[in-house]
Amino acid sequence: MLPSASTNFARSDRLVGALLALLLGGLGAHKFYLGRITWGVV
């Protein structure tokens, strides 16, 4: 079976989130990208 489109998007979202965490982790950019705005502010 082929993976669904939503699975591919979820995987790419996690990859982008991980890259943001590595590059801009101190600023909380990955939290904002993943929709956790409150934790991004904290």
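A residue is called buried when its relative accessible area is under 20%, exposed when it is over 50%, and partly exposed in between, as computed with a 1.4 Å probe and protein chains only. By this criterion Arg14 is exposed, with a relative accessible area of 68%.

This is a predicted model, in which local features need a pLDDT of at least 70 and side-chain atom pairs count only at pLDDT 80 or more, while totals for chains, interfaces and linings use all residues. Residues are numbered from 1 along each chain as its sequence is written, and side-chain values use heavy atoms, with hydrogens and water left out.

The pLDDT is the predictor's confidence in each residue, from 0 to 100. For the protein its mean is 74, and 76% of the residues reach 70 or more. Confidence is lowest in helix α3 (residues 37–41), at a mean of 75, and highest in helix α2 (residues 29–33), at 79.

The secondary structure consists of three helices and zero strands. Helices (H or I, at least four residues) and strands (E, at least two) are DSSP runs, numbered from the N terminus. In that direction, the elements follow the order α-α-α.

Of the 42 residues in the protein, 10% are buried. The accessible surface amounts to about 3700 Å², and carbon and sulfur atoms account for 68% of it. Such areas come from the Shrake-Rupley method with a 1.4 Å probe; for residues, only the protein chains shown count as cover.

| Residue | Location | Relative accessible area |
|---|---|---|
| Arg14 | helix α1 | 68% |
| Gly26 | loop between α1 and α2 | 83% |
| Leu27 | loop between α1 (5–24) and α2 | 65% |

Leu27 also belongs to a nonpolar surface patch, together with Leu15, Leu19, Leu22, Leu23 and Leu24; the accessible area of this patch is about 680 Å². Patches are made of residues with over 30% relative accessible area and no salt bridge, with like charges joined within 9 Å and nonpolar side chains (Val, Leu, Ile, Met, Phe, Trp, Tyr) within 5 Å. A salt bridge is a side-chain nitrogen of Lys or Arg within 4 Å of a carboxyl oxygen of Asp or Glu.

Arg14 and Leu34 are 20 residues apart along the chain, and their C-alpha atoms are separated by 8.1 Å. Gly26 and Gly40 are 14 residues apart in sequence, with 9.9 Å from C-alpha to C-alpha.
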